[in-house]
Amino acid sequence: MIKQKVNHGLLIAALLGIVLNVSAQTGVKQGKTQRPNVIYICADDLGYGDLSCYGATKIQTPNLDKLASSGVRFTDAHATSATCTPSRYAFMTGEYPWRKSGTGILPGDAALIIPTDKTTLPNLFKQAGYKTGIVGKWHLGLGKTIAKDWNNEIKPGPVEVGFEYSFIFPATADRVPTVFLDGYNVVALDPKDPIEVNYLAKVGDDPTGKDHPELLKMKSSPGQGHNQTIVNGIGRIGYMSGGHMARWVDEEVSTTFLAKAQSFIESNQKQPFFLYFALTEPHVPRMPATMFRGKSGLGLRGDAILQLDWTIGELMKQLKALNIDKNTMIVFTSDNGPVLDDGYEDGAVTMINGHLPAGPLRGGKYSALEGGTRVPFILNWPAQVKPNVSSALVSQMDLLASFSKLINQPIPSGEAGDSENLLNAFLGRSQKGRSVFVEQGGPLSIIKDGWKYISPANGAAYNKLVGIETGNSTDLQLYNLNEDMGEKHNLASKYPEKTKELAELLKAVQTN
Ligand code: NG6
Ligand code: CA
């Protein structure tokens with residue numbers, strides 16, 4: 001008995017010692033930099049000129065303005081590409097998307113294009129002990145093949161890529177299947193009404209926009225498709241049958257994503273977490289909640305931007321209420337530049353009222369010009385980052401190598417090879433970004449020290465359907481972005497040596 005008591009006493013003393021020692025160590029750690037929570041927010045098709053903190057005057061985005069004025073606002077930050085799938089491929093993998101075929105805009109039934117055995121943005125955080133989650137638009141494919149059973153578990157997908165929690169829609173808001181996936185499964189699926197999806201031929205009896213335009217609450221634009229299966233009064237790209245209970249209501253998509261993002265944050269507030277919040281605004285179809293309708297005066301596109309801004313405000317409020325706002329880093333950006341008419345008659349063109357969605361930039365979504373890839377980019381981390389405006393050339397693809405440094409989680413050599421560690425630039429401590437960057441519109445462009453070369457390309461110089469200059473030209477193009485960010489003066493014939501140097505450099509990067 002006595003012996004046991006003594007042993008207990010020793011044990012308690014030993015345990016106490018361990019506990020005290022551990023808390024002392026944590027105390028020391030807390031004195032130093034504590035690893036932040038990271039929320040990476042990517043809007044869909046939001047342009048360089050769409051926020052009031054980036055110069056918009058016809059629309060006000062107070063929440064994002066506040067994020068910008070208390071963080072670092074970047075004036076030369078880029079998506080790698082002028083459309084969604086390749087841009088997202090790049091920031092997920094740290095690799096230029098044009099190095100790999102099959103990274104163009106994916107249909108809604110595409111197979112997963114992100115490798116599951118390499119470093120990705122989410123599995124970097126996961127390996128470092130973070131809780132990882134994705135909420136929102138995916139558009140990087142699901143499953144091993146196009147043919148898949150939407151009524152069973154669908155994998156591989158975000159979970160295999162590194163997100164422990166996943167609440168997504170598969171592709172874009174204008175593509176079937178118009179359903180949410182919670183983990184591997186379609187939400188609210190009635191097994192008696194199974195889902196079938198087909199991008200080549202009609203399936204089931206649901207009306208299409210082509211045959212029944214009278215059923216549409218928003219018309220599709222002439223010549224731009226979006227006239228296949230009708231869901232919620234909107235013609236979509238692709239055919240879908242079944243899953244009627246599971247089909248989303250567009251007006252609720254954004255608030256659903258917000259609720260899911262907030263519950264992920266709430267559940268993981270006590271540990272470091274990484275959340276990729278992939279907003280769908282202001283991508284088509286623009287069908288914001290009623291409370292935002294008509295509020296912007298710029299049509300539904302403007303209203304969708306107000307909804308986006310409100311969403312960010314709600315998130316910021318939650319972080320403050322949970323008292324984790326100081327040590328949570330928010331990175332806000334967009335996957336590609338803006339477009340007004342991307343397939344529906346939603347007032348974006350007719351009610352534009354002088355708003356410039358690409359601000360001072362030429363071109364927009366799909367374009368090799370700066371409007372295609374130069375996007376808003378804000379980094380906010382109150383505990384560590386001072387308010388600043390940075391003109392460093394940075395790309396979303398660089399987040400991977402930079403976060404690797406931040407959380408001290410190495411990337412195996414040979415992986416994420418195009419991602420540069422620009423942590424000091426991202427944290428606003430240095431104005432030095434990349435020296436060389438390749439942009440993907442239609443043709444590839446290369447930027448070096450403020451000079452931009454666009455490789456020659458056939459194809460129309462102006463995309464009439466969407467009303468955007470493509471940047472295509474059979475002439476060589478060279479611009480001095482430091483003096484001419486609007487790419488108005490082609491200097492290729494004035495500086496043939498520079499043009500040649502950049503053309504050769506582009507070739508070298510391509511064959512790297
Ligand atoms: C285009 C669609 C456009 C949009 C885009 C993808 C047509 C005519 N246009 O092909 O509406 O869905 O793909 O946008 O089908 S992205 O932002 O996801 O890249
Ligand atoms: Ca997009």
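How far apart do the C-alpha centres of domain 1 and domain 2 lie?

1. The C-alpha centres of the two domains lie 28 Å apart. This is a predicted model, in which local features need pLDDT of at least 70, side-chain atom pairs count only at pLDDT 80 or more, and totals for chains, interfaces and linings use all residues. Residues are numbered from 1 along each chain as its sequence is written, while chains are lettered from A and ligands numbered from 1 in the order in which they are written.

2. Domain 1 spans 37–429 and domain 2 spans 444–511; such bounds come from an automatic or database domain assignment. Between them, 19 residues of domain 1 are in contact with 16 residues of domain 2 (contact: C-beta atoms, placed from the backbone, within 7 Å). On the domain 1 side, 9 of the touching residues are nonpolar, 5 polar and 5 charged (Ala, Val, Leu, Ile, Met, Phe, Trp, Tyr, Cys and Pro count as nonpolar, Asp, Glu, Lys and Arg as charged, and the others, Gly among them, as polar).

3. An unreviewed UniProt entry annotates residues 36–407 as "domain: Sulfatase N-terminal"; UniProt annotations may be inferred rather than shown by experiment. That stretch is 22% helix and 16% strand, with its end C-alpha atoms 9 Å apart (DSSP runs: helices H or I, at least four residues; strands E, at least two).

4. Helix α2 (residues 62–69) and helix α7 (residues 299–321) have axes that come within 7 Å and cross at roughly 55° (axes are lines fitted to C-alpha atoms, for helices over the stretch in contact, and angles run from 0 to 180 degrees between N-to-C directions). The pair is therefore oblique (under 35 degrees is roughly parallel, over 145 roughly antiparallel, 65 to 115 roughly perpendicular, the rest oblique). Pro62, Asn63, Leu64 and Leu67 of α2 meet Asp309, Trp310, Ile312, Gly313 and Met316 of α7.

Technical notes. Contact = placed C-beta atoms within 7 Å.
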